[in-house]
Amino acid sequence: MIIDCHVHINQYELLQNTPSLEDRLEKLQLEMISNNVDYALILSSYKVNSERPSTKQIIDAIQKYDNLGVVAGFTIDNHTDEDLKNYKQWIKDGLIKGLKIYAGYEHYYPYDKRYQKVYDTCLEFDIPVMIHTGDTFSPKGKLRYARPLHLDEVAVDNPEVNIVLCHLGNPWIQDAQEVIYKNKNVYADISGLVVGNFDHYFEKMMKEKVAELINYAGEPRYLLYGTDWPISTMDSYLNFVAKLKIKQEYRDLLMYKNAKDLFKIS
Ligand SMILES: [Zn+2]
């Protein structure tokens with residue numbers, strides 16, 4: 001079984017000629033089927049425009065699929081208390097499985113007090129918060145807000161909230177592994193380590209870094225499979241994880257067990 005906990009459905013340049021959300025969802029389905037991916041979580045964006053559908057648009061559009069869930073993006077700049085109120089209702093209705101903060105894409109630290117209502121919501125409904133860390137796909141992102149060490153602050157102050165550190169904090173994977181090791185409420189997804197496909201040398205380097213992370217932080221009950229599709233391709237990601245030298249028990253945790261428990265996917 002495979003759960004991809006991190007995909008997007010925005011109209012990126014990488015996805016040419018798919019202006020409609022429905023067509024992009026169809027593309028996602030084809031990609032999932034051809035890679036034997038059983039379930040995927042779609043992360044709604046930090047802004048809404050013709051290329052970036054709202055959480056509600058995504059919720060409505062995926063009704064016909066039973067293998068997709070939604071993690072709702074929340075920003076200080078582009079979202080309101082009204083949005084959060086709606087999110088709470090949709091969480092209750094089982095339509096949202098987590099919230100996502102885009103530190104770096106918007107220029108605030110994850111421990112900014114204005115995000116506290118997001119963490120409080122996650123606590124209230126017992127859902128995880130995903131936080132962007134590491135390199136930003138957009139050159140307008142500011143990296144100092146996206147360093148994984150900032151999640152330590154959030155994790156310590158919100159010990160009952162489960163936090164997903166996205167992208168292993170790449171390239172600050174050493175910082176990420178300490179934050180994961182130290183805080184039992186911090187998880188990490190391996191998504192978005194590459195744009196497109198891994199080339200041989202980059203893949204080898206990343207494989208070693210993931211091995212080091214597991215060596216350091218121990219049994220990977222915190223590690224989640226995710227691709228960042230369509231930014232990274234699904235087949236290249238499956239090839240990558242196939243090459244990780246980890247025991248089957250650990251592989252199962254990574255590929256689906258951790259995500260299934262954390263996001264309560266049935
Ligand atoms: Zn992403």
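## A strand residue in the interior

In which strand does Val129 lie? Val129 belongs to strand β5, which covers residues 129-131; helices (H or I, at least four residues) and strands (E, at least two) are DSSP runs, numbered from the N terminus. Val129 counts as buried because its relative accessibility is 0%, where buried means under 20% relative accessible area, exposed over 50% and partly exposed in between (1.4 Å probe, protein chains only). With neighbours within four places in sequence left aside, Val129 is in contact with Leu99, Ile101, Val118, Tyr119, Cys122, Val161, Asn162, Ile163 and Val164; contact means heavy atoms within 4.5 Å. His150 is 21 residues from Val129 in sequence, and the two C-alpha atoms are 14 Å apart in space.

## Basis of the model

The model is predicted: local features need pLDDT of at least 70, side-chain atom pairs count only at pLDDT 80 or more, and totals for chains, interfaces and linings use all residues. Residues are numbered from 1 along each chain as its sequence is written, and side-chain values use heavy atoms, with hydrogens and water left out.

## Overall architecture

The chain contains nine helices and eight strands. Its radius of gyration is 17 Å, close to the 18 Å that the globule rule gives for 266 residues, so the chain is as compact as a globular protein of that length. The radius is taken over C-alpha atoms, and the rule is 2.2 Å times the number of residues to the power 0.38. The C-alpha trace spans about 45 × 40 × 35 Å along its principal axes.

Of the 266 residues, 59% count as buried. Among contacts between residues at least 6 apart in sequence, 76% join residues at least 24 apart. The chain exposes about 12000 Å², of which carbon and sulfur atoms supply 48%; accessible areas come from the Shrake-Rupley method with a 1.4 Å probe, and for residues only the protein chains shown count as cover. There are 31 positive and 38 negative side chains, and the centres of the two sets lie 2 Å apart. Lys and Arg count as positive and Asp and Glu as negative, while His and the chain ends are not counted; each charge is placed at NZ of Lys, CZ of Arg, CG of Asp or CD of Glu.

## The zinc site

The zinc ion is coordinated by His6 (NE2), His8 (NE2) and Asp228 (OD), at 2.0 to 2.1 Å. Donors are N, O and S atoms within 2.8 Å of the metal (3.2 Å for Na, K and Ca); water is not among the atoms, so sites may look incomplete. Along the chain the donors follow the spacing H-x1-H-x219-D.

## Contacts around Arg24 and Asn10

Arg24 lies in helix α1 and is buried, with a relative accessible area of 1%. Beyond residues up to four places away in sequence, Arg24 touches Ile9, Asn10, Gln11, Leu15, Thr18, Pro19, Glu51, Pro53 and Trp229. Asn158, 134 residues from Arg24 in sequence, is 36 Å away in space, C-alpha to C-alpha.

Asn10 is found in the loop between β1 and α1 and counts as buried at 1% relative accessibility. Its contacts, apart from neighbours within four places in sequence, are Leu15, Arg24, Ser45, Glu51, Arg52 and Pro53. The C-alpha atoms of Asn10 and Arg52 are separated by 4.8 Å, although the residues are 42 apart along the chain.

## Backbone exceptions

Most residues other than glycine have a negative phi, and most peptide bonds are trans. The peptide bond from Asn170 to Pro171 is cis, with omega near 10°, and Pro171 is placed in the loop between β6 (163-165) and α6 (173-182). The bond from Trp229 to Pro230 is also cis, with omega near 5°; Pro230 lies in the loop between β8 and α8.

Asp126 is not a glycine, yet it has a positive phi of about 55°. Asp126 is in the loop between α4 (116-125) and β5 and is partly exposed, with a relative accessible area of 45%. Leu168 likewise has a positive phi of about 55°; Leu168 is in the loop between β6 and α6 and is buried, with a relative accessible area of 1%.
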